[in-house]
Amino acid sequence: MTDVKSEKSSNTASGWSRRSVLKATSAGAVGAVATPLFYTQNAWAEEAIGNYPVKGSEVVLGFNVPQTGAYADEGADELRAYKLAVKHLNNGGGMLDTLKPSKLTGNGILGKKVTYVTGDTQTNADASRTSARRMIERDKVIMVTGGSSSGIAIAQQYLCNELGIIFMCGLTHSNDTTGKDKQRYGFRHFFNAHMTGKALSPVLSKEYGKDRRAFHLTADYSWGHTQQQSMQEFTEKEGWSTEGNIMTPLKTTDFSQYLSQVLNSDADVLVLNHYGANMVNSLTNAVNFGMRDMQKNGKNLEIVVPLYSRLMAKGAGSANIDGVLGTSGWNWALEDEGSKVFVKTFTDEYGFPPSQAAHTCYVQTLLYANACEMAGTFYPPEVIKALEDFKFTGAGNGETLYRGADHQCIKDILVMQGNSPSARTSDFDYLKIVDQVDAATVDYDPAIFGGELGPYVPA
Amino acid sequence: MDMTLNAFTLYILTGLQLGSIFVLIALGLTLIFGTLGVVNFAHGALYLIAIYLAVSINNALGFGLALILVPPILFVFGVLMERGLIQRFYDRPHTDQILVTFGLAIVIQELLKWVFGANNIPFAIPSWGNGILMLHDYLPFLDGFVVYPKWRLILVVVSIVTVTAVFALLHLTRFGLVIRAGMRDAEMMQFLGVNINRRFMIVFGLGSMIAGIAGVFGGPVTQVSPEVGMHLLVPSFLVVVIGGMGSLGGAVIAGILIGMAQSFTAPYINLNTVIIYLITVVILLVRPRGLLGAKGVFE
Amino acid sequence: MHNQQSFWQLNKAVILFALVALTMPLWFPLINGYSGLDTKIMIFCIFLVGFDILLGFTGYLSFGHAAFFGIAAYSTGLMLKNFSDNIIPAIIVAVIAATLVAIVIGLLTLKRTGIYFSILTLAFAEMFHSMAMAMLQTWTGGENGLTGMPTPMLFDIKMQGSAVFYFSAIMAILMFYLAKRIERSPVGLMMKAIKCNQTRLEYTGINARKYKLLAFVISAMYAAVAGALMVVYEPFVGHEFLGWHQSGEVVIMSVIGGVGTLVGPMIGAAFMLYFENVLSVDLGEQWLLVLGLIFMFVVVFMPGGFMEAVERIKKRFITTADSE
């Protein structure tokens, strides 16, 4: 067993072993010269990794989204976006016309027709991995994408990394995904908690003043912790002080015991580092406690929700989120070419505009496909290299960099505000855009979160 | 953290209102447990039906109609459920009861998700119950500014009224006498020629109806999403068992106890997450049948 | 055992199971199964056989067996991560850890019977779950789960793909054989006597508590082996392993398969995992609804689970064969 390992490593180090030479010759790569393989564009002569090489005239993508459980509606929207992306990859249209630079042809990926399989993550790490494994082992997918919470994304990212399958994260906002848990085979287009803090804090101090005392309620898991730290760090840079922070168990459905604490403090801003059902409940509870109409320290008590989504806003209700500030990765009201064409094609297909989850999933699929075209192969190490440090525009967030050091997209972020019930015109504009914070402002040093991407060829 | 009188008052109120939800849900559960001997894993799902009905009627026709319609609908649903399904399981092992009611709970949850989506539906509090109560205006010992949401205080009152009504029904009426006797020894009642079957059906309906009342008033507090039923399942079972199987009084005490424990441990996350299990373990180890459980029931 | 039974008759079930299990990679893909799921099924067979030693033999319904499964999984993960990538010491430590916990919980909970016992075990397990999610998340990874383990090794063999499948399958066969031996032994008879009538058993001067505890600890050890193997199969520990859904799933698998038959619960496990991961895909979004309906259908029309259905078919087959 050990000699197999050493053969493998020597294979990648020197680039040539007897086996790969034979393979290369048989594949007809006559023009290959004696440069190490990882420098060559067309590395299809390399050994099998994951489900590479792709056999037949079709290539299969795996869409693993929550179909049951609390995030099922978000998962449904992600799936709509994936199906639309497949349609566009095969037939042209959508962001294929706006993404730049792009080698996408509208004729599948590398001439192969794109098909897909779906799975249910159940918002359960173990279930999501078993589902991803089905796609990989049985359905022979070349890439897996999806997910609607960080724990699930991280769990799948590790699995895919082991098996040599590229994982394009769906909606995950924890710093860990591209921080301490980053993986060579995992990529995130969505933004993260750190970027939220950076984007939101200046707007907060502009709106509410520099002399504010914040109280945090924080969901007690990795995402919550990173969100809280980022918010505290960047609001304090704006001159705010932090009165307190209570960790709330993830399973909490009634937050009144924690809100009693807030009422007892001197805080005049309540920061809810909650997502999904947690956020809907804590915000609704806070409103019930009269916190939207309360005065503290001679100022209006304000509530902040760092991470917003349309479904959450809808779940909490218009009256409750009216005026509340937070951030989003994308919104269908954006006016750039990429967003417009995406919103139009999505609305034509399904009858209503897409959510930010749909957007990030759609873009991820296109970016993967484009990377394959640029690499000229499905061979994962080459595709990864094509994605790393890829700069692009026309996907809805301005000029974007897929940073090579941690596989995090650095792009514009939106500061959003809840629309008042009277200003709302449809079921889809619960939130309005207050500010588009540019990529340079939210950029950060990838080294601060640690972690290792690991090798291009999985052990 | 030294505790001021203000903080203490808020803790107590929060404990009471957290407990009220538990009590309302556990009340129906323990009634069904105690009388029929059925482990009903679908009780959370009954509450789920109630909140979805309540929010739909409330948003379309107003709260008044929701209050009038939901409990009777739940009563009928409970009766149908007992006749159609549960009565086949009186003599079956608890494991079978768990499987069939858990299956039913999943079916109800998934059907509601199919119709209403997985996302939360906002449940607007009627205007007369909205807003906050200035407690410092009423309680002179409070210092300065102490407020509490009106609706949550209403919830406490509703739960007190419901508990009182159920107690009155069981202790002051002939129907109640038979039921209480049935809880002790159903077989003996059959021998005495009492048609216990029909009464069991009514008891199940009653338990379901209490879930209906809980749904109408609890909906704005627990919110309305398909997950709510399963979330409440474990805590309400713990309340019933801590209180003692089939003991209404026990369920009330246990519900308030759990509510208080959650409220007072709020600042200490590590204790807060385990406190209700810790209480369960300690109570069941010290008192074999929970606080007020009868001998021989469910042992 | 007084009359000489042949080797075949004594071990028929084990041999059949071994045949089915070891050939699984050959036939499982034919019904749309896949490598990985077969391993998971083998692991859950171990969990379920052990659970039946408690529930099926003694009648004690534990709602907290996820505790032993999860504790073993975390121990294995931490051992692989911090001590050695060799799975043998990891599994041994995991089983010892879970066994010690089981002895303590068993001593405390087995004083109670019926639903009180079930709720006590549930409370203990949920306590561990909450601790893994909050207090201990530095070690357990909390919501994100425990990650970052090296590829598990059995000395020089990488525990991936078919290696981990055959390792799990052989473990499952051995553990099933052991369970069958326990069933036939005097100890097994005592355990079954507890289910029939514990009070009567105690009147005869037998210390029922000893056998109850034995059954509890043995079943916890089975759960621990399964939990450890889960991490060998996939170097990842999700907090869900400790949750009440996991405990509940085991109960459901047992009942749907047929409590007390040892084979039935394994069929229940295989069915549930197959349904959840293969059939669910064809059913789409509403697969959980269908699963709920199946639970109700099975328990209403097949009171003894799948095993009863098998028995009925067998009986009908035999009677028609006889009448001819």
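In which sense do β8(A) and β11(A) pair, and over how many bridges? They pair in the parallel sense, over three bridges. Two strands count as paired if DSSP finds at least two bridges between them. Strands and helices here are DSSP runs, numbered from the N terminus: E for strands, at least two residues, and H or I for helices, at least four.

A word on the model. It is predicted: local features need pLDDT of at least 70, side-chain atom pairs count only at pLDDT 80 or more, and totals for chains, interfaces and linings use all residues. Residues are numbered from 1 along each chain as its sequence is written, while chains are lettered from A and ligands numbered from 1 in the order in which they are written.

Now the sheet in chain A. Seven strands form an open sheet, in the order β7-β6-β8-β11-β12-β16-β17. The pairing is mixed. β7 (241-248) and β17 (431-437) of chain A stand at the edges. Each has a single partner strand, so one side of each is left without a neighbour in the sheet. From one strand to the next, the twist averages 25 degrees.

Let's stay with β8(A). On β6(A), residues 213-219, it has a parallel partner over five bridges. There, Leu217(A) has Leu272(A) of β8(A) as its bridge partner. Towards β11(A), Val271(A) is bridged to Val304(A).

Is β8(A) enclosed or open? Five of its five residues are buried, so β8(A) is largely enclosed by the rest of the structure. Buried means 20 or more other C-beta atoms within 10 Å of the residue's own, with C-beta atoms placed from the backbone. Val269(A), Val271(A) and Asn273(A) point one way. Leu270(A) and Leu272(A) point the other way.

Next, the helices. α6(A), residues 193-208, lies across β8, β11, β12, β16 and β17 of chain A. It runs at about 150 degrees to β12(A). α7(A), residues 222-237, lies across β6, β7, β8 and β11 of chain A, at about 165 degrees to β6(A). Axes are lines fitted to C-alpha atoms, for helices over the stretch in contact, and angles run from 0 to 180 degrees between N-to-C directions.

Last, chains B and C. Their contact takes 36 residues from chain B and 35 residues from chain C. Contact means C-beta atoms, placed from the backbone, within 7 Å. On the side of chain B that touches chain C, α4(B) gives the most, with 14 residues.

Notes: Two residues are in contact if their C-beta atoms, placed from the backbone, lie within 7 Å. A residue is buried if 20 or more other C-beta atoms lie within 10 Å of its own, exposed if 12 or fewer, and partly exposed in between; C-beta atoms are placed from the backbone.
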